[in-house]
Amino acid sequence: MPLLEIKDLCIDFLVNHQSLRAVDDVNISLNSGKILGIVGESGCGKSTLVSAILHLLAGNGRIAQGKIVYKGTDLAALNEKEIRKYRGREISMIFQDPMTSLNPVFTVKDQLVEEIRLAGKVSKKEAVAYAIKLLETVGIKNAREKINSYPYEFSGGMRQRVVIAMAIAAKPSLIIADEPTTALDVTVQKQILDLLVSLQKKLNTSIILITHDLGVVADIADSVQVMYAGQVVESAETKEIFKNPLHPYTRSLIKSIPHSNKNVMRIPTIEGSVPMLTDIPEGVCRFADRIPWIAKISHEKNPQLHEVKLGHFVRCTCYKDFYFKGEKEAININ
Ligand SMILES: Nc1ncnc2c1ncn2[C@@H]1O[C@H](COP(=O)(O)OP(=O)(O)OP(=O)(O)O)[C@@H](O)[C@H]1O
């Protein structure tokens, strides 16, 4: 049985008496000890999707349909008191900005000890010893001294390490990391990702890693779901996605991964941005507006996810006729 199974999940926001669908019929299956990458530009619905798991949606959001089955329990059906037992203990979250999780007026020790004591019955002394061990585990040197510092005394990367220490304190089975490295310098980003992967292996935790950068998931995720305008447009094992990307949006995301060789000729990626919820077209390919040079007939009506190969799904039929505008022009010139 998968650790987490999200089935036909739809999430709506109520805006000016209008119900707007931000997540549309998403399915996820995640096994123990695996890393799933959820990728897409800002506004695709990634954060909305994962915040629903622990009932952290904004006040105007609601699960309109679907199930979130975790270890056999449908989390979507739980009340506030019941879901609290899962937060931090079974499933923990790491956000982009470490200060979302850290309180600036308390020391790291106070915050870690509180988290540890919330998770289980331990004495203060035991909790402090465990907190120091946790800081060492996440690579903070001189943890015995550093534990008495306030969050502002740490660099951004070190703060994110503290947040990760808090996130693993209760040995959760699932960590949801929502753009955990976006706010950090490139060199620090790599260190934090390496840390997450090493902890995942050590603790056999599963991770859902949310990012706008497909390059980030390339080396570490076992599987990838690409989201666009609230829907999954492609999903497969990571190797397969990079070997055989099909959906125009996935192909565009792959092209936009920064390349170490700056001399490589760059074909322009697809212009534009994700539509606002009020502008999402119904019953047609949501990506069609971004690739107007592809004939309308190439798109499917009411585009569905098609399993093109075992475990590899792609939405709409437009991928079959898709080419990058610049590519064809380059061919014509030659
Ligand atoms: N509380 C809300 N009320 C109305 N619309 C919302 C609300 N929260 C998010 N949205 C909208 O839902 C859509 C999905 O937003 P979401 O934050 O989940 O996207 P995202 O892919 O995680 O992007 P980002 O990385 O910028 O957070 C966007 O159009 C956003 O404007």
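The domain assignment divides this protein into domain 1, covering residues 4-221, and domain 2, covering residues 254-333. The model is a predicted one. Taken over C-alpha atoms, the centres of the two domains, domain 1 and domain 2, are separated by 31 Å.

The two domains also touch. Their contact brings together nine residues of domain 1 and seven residues of domain 2. On the side of domain 1 that touches domain 2, strand 2 (18-30) and helix 8 (214-218) each supply at least two residues.

Helix 6 spans residues 156-168 and helix 7 spans residues 186-203; their axes come within 10 Å and cross at roughly 15 degrees. Angles under 35 degrees count as roughly parallel, and helix 6 and helix 7 are therefore roughly parallel to each other. The crossing of these two helices, helix 6 and helix 7, is right-handed.

The residues that form this contact can be located in each helix. Helix 6 contributes Gly-156, Gly-157, Gln-160, Arg-161, Ile-164 and Ile-168. These meet Val-188, Gln-191, Ile-192, Leu-195, Leu-196, Leu-199 and Leu-203, which lie in helix 7.

Definitions and conventions:
Residues are numbered from 1 along each chain as its sequence is written. This is a predicted model: local features need pLDDT of at least 70, side-chain atom pairs count only at pLDDT 80 or more; totals for chains, interfaces and linings use all residues. Axes are lines fitted to C-alpha atoms, for helices over the stretch in contact, and angles run from 0 to 180 degrees between N-to-C directions. Helices (H or I, at least four residues) and strands (E, at least two) are DSSP runs, numbered from the N terminus. Angles under 35 degrees count as roughly parallel, over 145 as roughly antiparallel, 65 to 115 as roughly perpendicular and the rest as oblique. A crossing is left-handed if the near helix is turned anticlockwise from the far one by less than a right angle, and right-handed if clockwise. Domain bounds come from an automatic or database domain assignment.
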